[in-house]
Amino acid sequence: MKGSAAFRYVHLGALALAVVALPWSEFLLSNALILLGVNWLAEGFAQRDLGGRFRRAFRDPACAVWLSFFGLHLLGLLWTTDLKWGTDLCRILLPVPILGLVLGSSPRLSTTELRNLLLLGAWSVVGSTLVCLLLRREALTTGDYRSLSLFISHIRLALMLCFAAATFVYHWPVRALLRAAHAAAVLWILVFLLLMGSVTGVVIGGALLGWAFFRYAKRWSPAVRAVLVALPIAIVATIIVALFLLPEPRTERLDALEPRSAGGEPYYHDREKPQLENGYFVWVNIADGELERGWNRRSMVPYRGLDAQGLPLRTALVRYLTSMGLRKDSLGLAQLREADVRRIEQGITSVRTGRVTTLQTRLEQLRYEWEAYLSNGATSGHSTTMRLVFLRTGLDIARANLLLGTGTGDTQMAFNAAYERDPQGLEPRWWLRAHDQYLTWCISFGVPGLLWCLFAWWWPAWRLRAARQPLFVAWAIIAALSGLAEDTLETQMGATFAALPYALLVFAAPLMPRSKP
C-alpha cells in the first residue's frame, strides 16, 4: 500500500509539473510527461500488471478511439516520402499516447485533485504573463506583439489565457478573498490579451462569452438570451466591417498633388492604388533619390535593405513618414528624430505604434495588409493575407489527394511543389503550410482521415459524458476555433495544450452520472 501511495504521489506530481510548465518551458513539459510515463511503467512492473494496463487502455473503446488518432499518423508514414518530417510530427504528438495510456488506465482523479490541477495551471499562465510583461516592457512601445510572449508562441499563450479565464470562472470560490483573486486574474487576462494585441484571443473570448450567456442565462427570456449571444458576434462583425469594408477617412486629395519636391526631384505618385496610413496616402509624394541619400547618412541599415522584421526598409520608412502626415522627401526625412529612425530600423511602420493600444495597432496593420492585397495582391510578410494564399494552395492540394492524402510527412513538400508551379506572389521564405488544422488533416490523410480525426476527438468525450461539462465545452470552443487559423497540433506546446486538458477532463475527471431516462 505504501508503494502504491508513492506511485500515486508521483503521478499527481508529474501532472502538476506538466500543467505548471505548459506556458513556461518545453523542456520542463517534456520531462513532466516522461516522468508521468516512466512512473506508470514502473508501477506496472512493481504490481506485475503492465500488460493489464495496456489491455485496459486499448479495451476501453473511448481511450482506444482517441489513441487511434496517433495511430493514424503512424499509419500515414507508410505513404510518406519525407520520413524525417513525418517522424518529427509523430514525436510532437507523443503527448496523445502518453496521456491516453496513463490516464486511460489509471484510477480517476478526485474532484478536489482535478480542480487543484486546473487552477494550478491557470495561475501558472497568469504568472508567466506577469514575467513576460516585466522582461519585455519595450514590446508595448515597439508594437511587436509577438515578442511580448517570451516563453512560447503568442498564439498558444492566447489560447492558454482563454482556458485559464474559463477555469477561474468555472471554479468560482466561496470565500470573498479568493473570489477577489479570481476576479483580478480574469481581469488581468483580458488586459494582457489587449496588450498583446491578440485578435485570436479576443475572438475566442467573445465566442466563450456568447456561449456562457446562452448556457447560463436560463432565467432570462429567449429574446434576451438571443441578444446576449448576438452581442459578441456584433462586436466581431463591427471590427470586420471597420477593417475591410468601410473606407478610411482621407486627409489629402489625389487631384492636388505637386509634381516635384522642394529639392526639385520629380515625385512618384500612384494615383490608382495609393493605399492609406493614418488617413494619409502612402504611395504619393515619394522622392526616392532624396530619401535614399538622406536615410543612408542617418542609418547603418541601407535604404534598399531589410528592417529588423526582414521586410523592405523602404516600405517601413515610407509608411512611417506617411503616418506622420509628411511627404516622403528630404524635408519630411529631416523631421524624423533619432528615436524615429531607430523605430523604423526595427520595422515599425506607424508613428502611432506604442502610442495607442497594441490591439488597435494590430487592427490598423490588418487593415493595411488587406488594402495592400486588394491594391496589388501583395501578401509576403503579411500574416493575414498570406493565409488566403495558404488556404487556396491547401485546398488545391487536398482536392488532388481526396482519398489517402499526401501522408503524415509530405505536407510541406506538397506545398513547396505547388508554390514552385505558382508562387502567388509569395517569396520562398514565406512558402508555409495551411495554417488550418482541419485542412492539414485533409491534406495529410484525405477526407476519410479528416473525418476520423474529428471523430477521434469528439466521440470519447461524448461517450464518457465529458461533453456535458461546461469547462470541457469551453476547451472545445477554444481548440475548435484555434484550428481554423493555426496548425495547432504541429508544435509541442500546441499539441500538449490540446491533449493535456482533454485527457484530464475526459479520462481523469470523475465520471458524470448518466441522465435518467
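**Burial, contacts and cores in a predicted model**

Q: Why is Arg53 called buried in this predicted model?
A: Arg53 has a relative accessibility of 5%. Buried means under 20%, so Arg53 counts as buried.

Q: Where is Arg53 placed, and which residues is Arg53 in contact with, leaving aside neighbours within four places in sequence?
A: Arg53 lies in helix H3, residues 50–59. Its contacts, with neighbours within four places in sequence left aside, are Trp40, Glu43, Gly44, Gln47 and Ser105.

Q: What makes a set of residues a nonpolar core?
A: The members are buried residues of the nonpolar kinds, joined through side-chain atoms within 4.5 Å. The largest such core here has 112 residues, and Trp457, Leu504 and Phe507 touch the most other members. Helix H22 (residues 492–508) gives this core its largest share, 13 residues.

Q: Which residues is Phe507 in contact with, leaving aside neighbours within four places in sequence?
A: Heavy atoms within 4.5 Å make a contact. With those neighbours left aside, the partners of Phe507 are Ala62, Cys63, Trp66, Leu103, Gly104, Arg108, Pro460, Leu464 and Tyr502.

Q: What is known of Arg314 and its surroundings?
A: Arg314 is part of helix H14, residues 313–323. Beyond its neighbours within four places in sequence, Arg314 is in contact with Trp283, Ile286, Asp288, Tyr303 and Arg304.

Q: How many residues apart in sequence are Arg314 and Glu345, and how many Å apart in space?
A: They are 31 residues apart in sequence and 9.9 Å apart in space, C-alpha to C-alpha.

Terms used
Residues numbered from 1 in each chain as written. Predicted model: local features only at pLDDT ≥ 70, side-chain atom pairs only at ≥ 80, totals over all residues. Heavy atoms only, no water. Helix = DSSP H or I, 4+ residues; strand = E, 2+ residues; numbered from the N terminus. Buried < 20%, exposed > 50% of the residue type's maximum accessible area, 1.4 Å probe, protein only.
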